[in-house]
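Hello,

I am passing this structure on to you. Please open it and keep it in view while you read my notes.

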Amino acid sequence: MLKNWRSHAEYQQFIISNLKPILKSNPSRVIEMESTISKLYCLDLDILGEILKPYYSQTGRPAKFQPEIFRSFSLMLFQKETSITKWVNKLKNDSLLAICIGCASDNTPSLGAHYDFISRLWLADLKTHRENLKRPVSYKKKPAKTKSPGKNNKLPNKRPGIVKRIADFFEKGRSFNNRAEKLLQKIFAMVAVEPSFSLNLIDQNNLTIAGDGTCVHCHSSYYGHKTCDCRQKGIYDCKCARKLSDIEATWGWDSHESQWFYGYTLYTLSTYNKNLKTDLPLYLRFVEASRHDSVTGIVALAEFRELLPQFPVSNYLLDSANDNYPTYELCSKWNINPVIDLNTKNKGNSKYPPSLTVTEKGVPICIGGHEMIYDGFEKSRSRIKWRCPLACKKISSCSCSNNCSPSPYGRVIHTKPSWDLRLFTKIPRDSKQWKTIYKIRTCSERINNRILNDYKIHSLRIRGKKHYSFMTMIASINIHLDARLKDSKFNLINLLH
């Protein structure tokens, strides 16, 4: 039963009344933690209580410390602690840390309560999961070096046509409603992302989001624990089934490190606040390490639109792994402008009329052999306008100027995105506007770095997709709290005096 839920206003009053005595007796400690306490002070969890009500029984003993546990995990990552067990012990022995989460020093949530809270938010059959951990599974042998795609290259998509099938699936208005992380995604959207929209930390009138995946190397062993008796028989290299501590981890290729890794791929959607020069995560999901980004890129966009339909996406920035026609077509149907880098392996893959000569990036070539100049997108006719480079004074002379248009305005050519959504994008590639927008894509890489390194997700002593998903959600909420404090310049010390 979810009954004893302390409101945000009550928590703020608790913080002020309990920190004043500590500020007088040990001011240096409070001042040292001022920024962290200020972030927790701004973390409104009232909406979280409304979200969680349906997932608690209406009878029985009321659950205690639910918002306090949520703040506990947030404070844990702020303090760079990597062990939940050690963190719970710190809470018991440090009165200031206990007050920060809203508890008295002699009455803090237990270790079991922390783990139970994580399990409650994971929409999967926990009994089945525990049984699977006890059941031996096939040996997940490390792939051979000869099968690697090479440095800075990604694994190819092993399922041709899967991107098209998934795009058609979402186009019909369907979704993956049974995903176990759906509640975590909803909590993140309601507790962190939507308030950031309300505080104008995210531009909702021209929402530009970037998607990217990153490798998460898990700490569990792929070798596992043998259950056979081969060792007693003198067979030490058997490939028998064995028990694993992380049954959901798989092998994937880390193109940056040029090595195989055992774990997951974390896929994030992020945006950039130009005024604050701050990156903000918008969506999170852990997938198999072997899954191609072209698959996850479509799934991420569809699920983000499902979670926050009131905030339409204007631009979707992706790397060359997503350079495929189903992605362009789905974005076009959803009125989203895809800004995707061209994949060199897709050279010659186009649908434009053969009578028109264009570059690999969709720029028309004039009869003099020069690239024509982009002159805007005509929305009423859904076409792109190109002008003569000589008339635009981009070149000083042209050998075919006498055979071209006699008008001083120069020759004009129009291309339509409907001819080829991949080549004739609304914002032409290599144009100044395209380059300016595409630069924002690096925010997704910086967000991945903040989650994995700044908030120590890579160093946490945890196992399983459930724990990784929960702790990553907490880390991402902390990133939003960092931005709120940076924007408001709130100072808690002023309230305590």
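This is a predicted model: local features need pLDDT of at least 70, side-chain atom pairs count only at pLDDT 80 or more; totals for chains, interfaces and linings use all residues.

Largest cavity

The largest cavity has a volume of about 110 Å³. Its lining includes Glu-181, Leu-184, Gln-185 and Phe-188. Leu-266 lines this cavity too. So do Tyr-283, Leu-284, Arg-285 and Phe-286. Ser-469, Thr-472 and Met-473 are also in the lining.

Which elements give two or more residues to this lining? They are α11 (182-198), β6 (278-288) and α16 (464-488). β6 gives the most, with four residues.

By class, seven lining residues of the largest cavity are nonpolar, three are polar and two are charged.

Second largest cavity

The second largest cavity has a volume of about 30 Å³. Lys-164, Ala-167, Asp-168 and Glu-171 are among its lining residues. Pro-326, Glu-329, Leu-330 and Lys-333 line it as well. Two elements to look for here are α10 (162-171) and α13 (325-333), which each give two or more residues to the lining.

How many residues of each class line the second largest cavity? Five are charged, three are nonpolar and no residue is polar.

To find your way around, start with β6 for the largest cavity.

Best wishes

Definitions and conventions. Residues are numbered from 1 along each chain as its sequence is written. Side-chain values use heavy atoms; hydrogens and water are left out. On a 1 Å grid over the protein atoms alone, a cavity is a set of points where a 1.4 Å probe fits but cannot get out, and a pocket is an open set with protein on both sides within 12 Å along at least five of seven lines; lining residues have an atom within 4 Å of a point. Grid points are joined across faces, edges and corners, and a volume is the space filled by probe spheres set on the points. Ala, Val, Leu, Ile, Met, Phe, Trp, Tyr, Cys and Pro count as nonpolar, Asp, Glu, Lys and Arg as charged, and the others, Gly among them, as polar.
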